[in-house]
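The entries run by topic.

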Amino acid sequence: MGQTITYGADDKLIVPDQPTIPVIPGDGIGPDLWNATRTVVEAAVTKAYGGKRAVAWLEIFAGEGAFAKVGEYLPKASLDAIRQYRVAIKGPLSTPVGKGFRSVNVQLRHELDLYACVRPVRHIPGVPSPVLAPEKVDMVIFRENTEDVYAGIEWEAGSAEAAEVMALVRKLTGKTLRPDSGIGIKPISKTGSQRLVRRAIRHAVAHKLPTVTLVHKGNIMKYTEAAFRQWGYELAATEFGDVAVTEDEVFAKHGGKIPAGRVMIKDRIADSMFQQVLLRPDEYHVLAMPNLNGDYMSDALAAQVGGLGMAPGANIGDGYALFEATHGTAPKYTGMDKSNPGSLILSAAMMLDYLGWMEAAELVRNGIQNAVGAKVVTYDLARQMPGAAEVSCSGFGQAIIERM
Ligand code: NAP
């Protein structure tokens with residue numbers, strides 16, 4: 001029987017030695033990935049703490065699995081379990097394509113106000129990459145998860161609502177939109193921007209990383225994207241004045257060198273940032289981004305280090321965190337014990353870090369690095385790595401455990 005994680009002051013979790021952690025294995029390949037992940041995490045925790053600590057998994061349902069059982073894609077009981085236990089992990093969930101269906105992933109983020117999508121991007125030596133020096137990429141993206149295009153405020157072309165909004169736009173701006181336009185609204189708030197940037201700067205401070213970059217399209221969108229940048233700088237000055245220094249200050253007052261112990265806050269326009277991550281990736285460490293730019297950047301950077309199959313992720317709010325594989329359900333491989341569990345396993349390592357169980361997290365990451373280094377990998381990597389020994393999904397889990 002597990003114990004409950006509680007949430008204390010200063011965004012601190014109080015984690016017992018046997019925490020209950022809800023798990024959504026997910027749809028499609030999710031259950032295979034989860035089986036491998038579970039064995040790896042349990043082996044790492046046992047090896048690190050010799051039985052003093054252990055996770056009590058609580059399996060809950062969402063997605064197709066839940067629909068088949070109780071006729072709902074996101075049952076209230078599953079949501080309540082995550083609310084109660086605070087930290088959870090999930091495999092991929094399928095999103096049926098159809099009118100009016102709201103993705104369960106998006107619902108979970110919305111219901112729990114998981115406002116920061118956190119994606120560490122780092123190359124594992126040996127993983128095939130399309131760029132020449134993937135080892136230069138070592139960044140963490142903090143992407144705003146609740147506003148911007150994820151706010152979901154849209155009206156169909158030709159609808160009465162679209163006509164009403166057009167009339168309002170005409171009244172407020174004097175501009176006439178084409179009558180056959182669909183209309184979407186892009187809200188970006190000071191509150192939403194600053195809580196995201198706060199998490200990004202806290203991460204840089206805690207991990208002694210030298211820079212945080214605010215990425216935006218503020219040259220075109222003054223009151224949303226440029227405001228995100230402005231509010232980010234303001235927050236850095238007011239809440240992190242003792243550790244943060246702006247790029248302008250670094251050049252004006254410190255001869256272009258970041259003073260010891262400081263985090264440099266800089267900003268880049270989103271299109272230029274896509275060039276920067278290819279041309280000078282080692283100059284960037286933490287990126288804070290509004291939703292849509294962050295969405296593109298997360299997948300582009302994942303591709304740079306070898307693809308989504310190995311990219312971990314988390315959705316984090318105040319007092320709640322949901323760790324997840326970043327790829328989909330790959331339905332054609334369902335039940336074949338074939339797919340790469342790397343993304344879910346590395347997400348579980350992020351979760352162990354978040355619990356403060358860093359020793360176990362390191363063992364997991366070492367195990368993956370050593371298995372890939374020994375070229376013992378699943379089909380997706382094996383087909384790109386000459387001389388690799390292809391193993392199944394569960395076989396990859398075992399290979400990791402043997403090499404922790
Ligand atoms: P997908 O499930 O990510 O799969 C596309 C292809 O990516 C697979 O056929 C496979 O390529 C490769 N792939 C994905 N995961 C892999 C893994 N763990 N190991 C090895 N290869 C992997 O994308 P999709 O087909 O577009 O989406 C399927 C369903 O997933 C949809 O219902 C979608 O809504 C959902 N989805 C869920 C999430 C989420 O829960 N976070 C995210 C994205 C999509 P090869 O065939 O070339 O081997």
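**Basis.** I worked from a predicted model, in which local features need pLDDT of at least 70 and side-chain atom pairs count only at pLDDT 80 or more, while totals for chains, interfaces and linings use all residues. Residues are numbered from 1 along each chain as its sequence is written, and side-chain values use heavy atoms, with hydrogens and water left out.

**Domains.** I looked up the domain assignment, whose bounds come from an automatic or database source. It gives domain 1 (1-115 + 311-404), domain 2 (130-147 + 188-304) and domain 3 (153-186). I noted 33 Å between the C-alpha centres of domain 2 and domain 3.

**Largest pocket.** I took a pocket as an open set of points on a 1 Å grid over the protein atoms alone, where a 1.4 Å probe fits, with protein on both sides within 12 Å along at least five of seven lines; lining residues have an atom within 4 Å of a point. Volume is the space filled by probe spheres set on the points, which are joined across faces, edges and corners. For the largest pocket I have about 1,600 Å³. Its lining holds 45 residues, and H203, H207, M350, D353 and Y354 lie nearest the centre. Elements giving two or more residues to this lining include α6, β14 (312-316), α11 (342-355) and α12 (358-373). Helices (H or I, at least four residues) and strands (E, at least two) are DSSP runs, numbered from the N terminus.

I also sorted the lining by class: 27 nonpolar, eight polar and 10 charged residues. Here Ala, Val, Leu, Ile, Met, Phe, Trp, Tyr, Cys and Pro count as nonpolar, Asp, Glu, Lys and Arg as charged, and the others, Gly among them, as polar. Where does the largest pocket lie? Domain 1 and domain 2 both give residues to the lining, so the pocket lies between them.

**Strand β10.** I checked burial next (buried is under 20% relative accessible area, exposed over 50%, partly exposed in between, with a 1.4 Å probe and protein chains only). Six of the six residues of β10 (residues 211-216) are buried, so the strand is largely enclosed by the rest of the structure. T211, T213 and V215 point one way, and V212, L214 and H216 the other. In a regular strand the side chains alternate between the two faces of the sheet.

I then looked for partners; two strands pair if DSSP finds at least two bridges between them. β10 runs parallel to β12 (residues 263-269) over six bridges, with T211 bridged to M264. β10 also pairs in the parallel sense with β13 (residues 286-289), over three bridges, and T213 stands opposite L287 there.

**Salt bridges.** My search of the whole structure found 25 salt bridges, each a side-chain nitrogen of Lys or Arg within 4 Å of a carboxyl oxygen of Asp or Glu. I noted D11 with R199, closest N and O atoms 3.1 Å apart. This pair links distant parts of the chain, 188 residues apart: D11 is in the loop between β1 (6-7) and β2 (13-14), R199 in helix α6 (residues 190-206). D11 is partly exposed at 23% relative accessibility, whereas R199 is buried at 11%.

K76 and D80 form another salt bridge, 2.7 Å from N to O. They are four residues apart in helix α3 (residues 76-85), so about one helical turn separates them. K76 is exposed at 59%, and D80 is partly exposed at 30%.
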